[in-house]
Amino acid sequence: APAEYWERQRSLIEWQDSSLQRRTAYIKIGWEFFLESPLLGTGPGTFKDIYPLSQKAAEFKSEREEQLRRHAHNGYLELLVGTGIAGLALFLFILLKALNKFTRAKRKYLELGSDELASLTGCYRASLISVILYLTVGSIIYHKQLLLALALAHAAWLFSVGSKTEHEDSNSG
């Protein structure tokens, strides 16, 4: 491997990499602004607007950047800063509810002997989990895959409940 590769790896391990330092600064800055308005936050999507107000933003400004506006590269942090504890709690509740609906739907499909639908539902649940994990490094909480997964969770649950009653109706008739 080239020497530059090992230098880059060493800078990551020693936390000397500027991108790691910048991402750490996002967390510190976000936390400071969260503490100023913990309940309702500073307003949805405002992290990129308040980041330039910090001293750290000026320290990390590169010559090619015209403005200091940056996303936090963490959807949960942006949500916490923008909507406070109330908004983050509601968002996490929605995510947990969607995961629960996928789990219940998969269980119902297995009870009905519909292995294909159970497997499909499990795949959608895994997709939602991957989007949930992505939000720790990505800033977009209005992510189309997230919105689709939330809708699919409810649809999977509704269809599983409907399938159960249809299955019972066909057995009784």
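Modeller: Start with one term: contact means heavy atoms within 4.5 Å. The model is predicted.

Biologist: Which residues does Ser160 touch, not counting residues up to four places away in sequence?

Modeller: Ser160 touches Ala105, Lys108, Tyr109 and Leu112. Ser160 itself sits in helix α7, residues 144-172.

Biologist: Why is Ser160 called buried?

Modeller: Buried means under 20% relative accessible area. Ser160 has a relative accessible area of 0%, so Ser160 is buried.

Biologist: What makes the pair Trp157 and Ser160 a polar contact?

Modeller: The cut-off for the N or O atoms is 3.5 Å. The backbone oxygen of Trp157 lies 2.7 Å from a polar atom of the Ser160 side chain. That distance is within 3.5 Å, so the pair meets the distance cut-off.

Biologist: How do you know that the span of helix α6 is close to the expected one?

Modeller: Helix α6, residues 115-134, has 20 residues. The helix reaches 28 Å from its first C-alpha to its last. At 1.5 Å a residue, 28 Å is expected. Its buried residues include Ala118, Thr121 and Leu128.

Biologist: What makes up the lining of the largest pocket, by class?

Modeller: Five residues are nonpolar, five are polar and two are charged. Gly counts as polar, so Gly45 and Gly82 of the lining fall in that class. Lys48 and Glu78 also line the pocket, and Lys and Glu count as charged.

Biologist: Which helix gives the largest share of that lining?

Modeller: Helix α5, residues 75-111, gives four residues. The pocket volume is about 210 Å³.

Notes
Residues are numbered from 1 along each chain as its sequence is written. This is a predicted model: local features need pLDDT of at least 70, side-chain atom pairs count only at pLDDT 80 or more; totals for chains, interfaces and linings use all residues. Side-chain values use heavy atoms; hydrogens and water are left out. On a 1 Å grid over the protein atoms alone, a cavity is a set of points where a 1.4 Å probe fits but cannot get out, and a pocket is an open set with protein on both sides within 12 Å along at least five of seven lines; lining residues have an atom within 4 Å of a point. Grid points are joined across faces, edges and corners, and a volume is the space filled by probe spheres set on the points. Helices (H or I, at least four residues) and strands (E, at least two) are DSSP runs, numbered from the N terminus. The expected span of a helix is 1.5 Å times one less than its number of residues. Buried means under 20% relative accessible area, exposed over 50%, partly exposed in between (1.4 Å probe, protein chains only). A polar contact is a pair of N or O atoms within 3.5 Å; within protein, one must be able to donate a hydrogen and the other to accept it, and residues adjacent in sequence count only if both atoms are side-chain atoms.
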